[in-house]
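Subject: Structure handover

Hello,

Here is the structure I promised to pass on. Please open it and keep it beside this note while you read.

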Amino acid sequence: MTLILSHSDVAAVLDRGEVLAAVERAHADLALGTAFVPAPPAMTVGAAAFVPMVAAAESAGAAAVKLLADLPANRERGLPVQRSVIVVTSAVDGSCEALIDGRLVTAVRTAAASAVATKYLSRQGSSVLGLIGAGNLAIEHTRAIATVRELETVLVWSRTAATIDRFREGIADLGLQVRVLDNPEAVTRAADVLCTLTPSREPIVHGAWFGAGLHVNAVGAPPRADHREVDGEAMRRSVVVVDSIGTTLTKSGDTLLAVAEGAITRDAVGTELGEVIAGRAPGRHDDSDITLFNSVGIGLQDLVTARLLIDKARTGGIGTEVDLCS
């Protein structure tokens, strides 16, 4: 039987703490060779991009593909610009275990990866979180990063006041001081940990603004080689860690455009987060280093989150079971 989980089903069983722990283990497994993430191809139909994000993991006993659709025209339709669905296949008998709506999975596992990167790359005493963008990703990032660092203050910039109001409501229970600043530069200069969470095509954050000891999670840009949130100087000044080298060199405009400009070479993106977690590569050397986690997301994060959802949903009788072979 194939389990179908809708958005509301996912929301009913998803545990953010469990996802963070699973994502951390998954990146270590990738470094240890028990999980696999090939670089994704991309298909374009007009302005729409379709990216199949594939992964397999021994720990999950499964392989999965998330088909991500990036459709800029959806803004005018009042629909999400990015939509996705996850298909999970058993590594034992090849059966289709589940079909899962990817919206909430993508947001939560993205924030979880940033929190893991923050845990391993930021300074221990980091207490000021800066957010460029205040949408749902900002809410998820604040909640996730608050579990790995003792945050006191959140500095936020957004183009719209309504988005900031929703952000305040979304993290009100955390008891953090929220300050709205006038521009991305002000947020960047004052933050200990900075998250860029916009679908920007042109750099919205510049490396000239980086102070000693800053950690940056550059995760908002879509998986398109011509989109980026940070400039070449940001990449040049930072110790760069990525989720997957193959994916980064295929899909990350932050990296590819910096390489094309000559700001960095491809060797500058030679360290994966899993290698740092597993102790096979250094991350931050001292408190003066600037570190930057450049991520466009990988299917392995979706797979391990899906594994959690499938197991919990079946235990709790949540979702719809369908016999695809009938």
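V154 sits in strand β9, which covers residues 153–157. The model is a predicted one. V154 has a relative accessibility of 0%, so it counts as buried. Setting aside neighbours within four places in sequence, V154 is in contact with L129, L131, T142, F167, L176, Q177, V178 and R179. E169 is 15 residues from V154 in sequence, and the C-alpha atoms of the two are 13 Å apart.

F167 is worth a look next. Again leaving out neighbours within four places in sequence, F167 is in contact with L131, A134, A138, I139, T142, V154 and V178.

**Cores**

Which residues touch the most other members of the largest nonpolar core? They are V88, I100, L131, F167, L300 and L303, and this core has 66 residues. Helix α4, residues 103–121, gives the largest share of it, ten residues. There is also a second, separate core of 25 residues. L181, A191, V205 and F210 are among its members. As background, nonpolar side chains in soluble globular proteins tend to be buried together.

**Strand β11 and its partners**

Strand β11 runs over residues 193–196. V193 and C195 point one way from the strand, L194 and T196 point the other way, and all are buried. β11 pairs with strand β8, residues 128–132, in the parallel sense over four bridges. Here V193 of β11 is the bridge partner of L129. β11 also pairs with strand β12, residues 215–218, in the parallel sense and over four bridges. V216 in β12 is the bridge partner of L194.

**E150**

Now a loop residue. E150 lies in the loop between α5 and β9. Is E150 buried or exposed? Its relative accessible area is 73%, so E150 is exposed. Apart from neighbours within four places in sequence, E150 is in contact with S126 and S127. Q124 is 26 residues away from E150 in sequence, yet their C-alpha atoms are 9.0 Å apart in space.

The largest pocket holds about 1,400 Å³ of space. Its lining has 47 residues, and P80, V81, Q82, N136 and L137 lie nearest its centre. α4 provides the largest share, seven residues. By class, the lining of the largest pocket has 21 nonpolar, 17 polar and nine charged residues.

The second largest pocket has a volume of about 170 Å³. It is lined by R16, G17, L20, V108, A111, A112, E140, R143, A144, A146, T147 and L174. The elements that give two or more residues to this lining are α2 (16–32), α4 and α5. Seven of the lining residues of the second largest pocket are nonpolar, two are polar and three are charged.

Helix α10 spans residues 253–261. Which of its residues are buried? They are G253, D254, T255, L256 and A258. What covers them includes α8 (232–237), α9 (245–251) and β14 (291–294). Just after α10, G262 takes a positive phi of about 85 degrees.

T248 belongs to helix α9. Why does T248 count as buried? Because its relative accessible area is 0%, and buried means under 20%. Not counting residues up to four places away in sequence, T248 touches V242, D243, T255, L256 and N294. T255 and L256 are also among the buried residues of α10.

**Where to start**

Begin with V154 in β9 and go on to F167, which is in contact with it. Then turn to β11, with β8 and β12 as its parallel partners. Leave T248 in α9 for the end.

Best wishes

Note on methods
Residues numbered from 1 in each chain as written. Predicted model: local features only at pLDDT ≥ 70, side-chain atom pairs only at ≥ 80, totals over all residues. Heavy atoms only, no water. Buried < 20%, exposed > 50% of the residue type's maximum accessible area, 1.4 Å probe, protein only. Pairing = 2+ DSSP bridges. Core = buried A, V, L, I, M, F, W, Y, C linked by side-chain atoms within 4.5 Å. Contact = heavy atoms within 4.5 Å. 1 Å grid on protein atoms, 1.4 Å probe; cavity = no way out; pocket = protein on both sides within 12 Å on 5 of 7 lines; lining within 4 Å. Points joined across faces, edges and corners; volume = space filled by probe spheres on them. Nonpolar A, V, L, I, M, F, W, Y, C, P; charged D, E, K, R; others polar.
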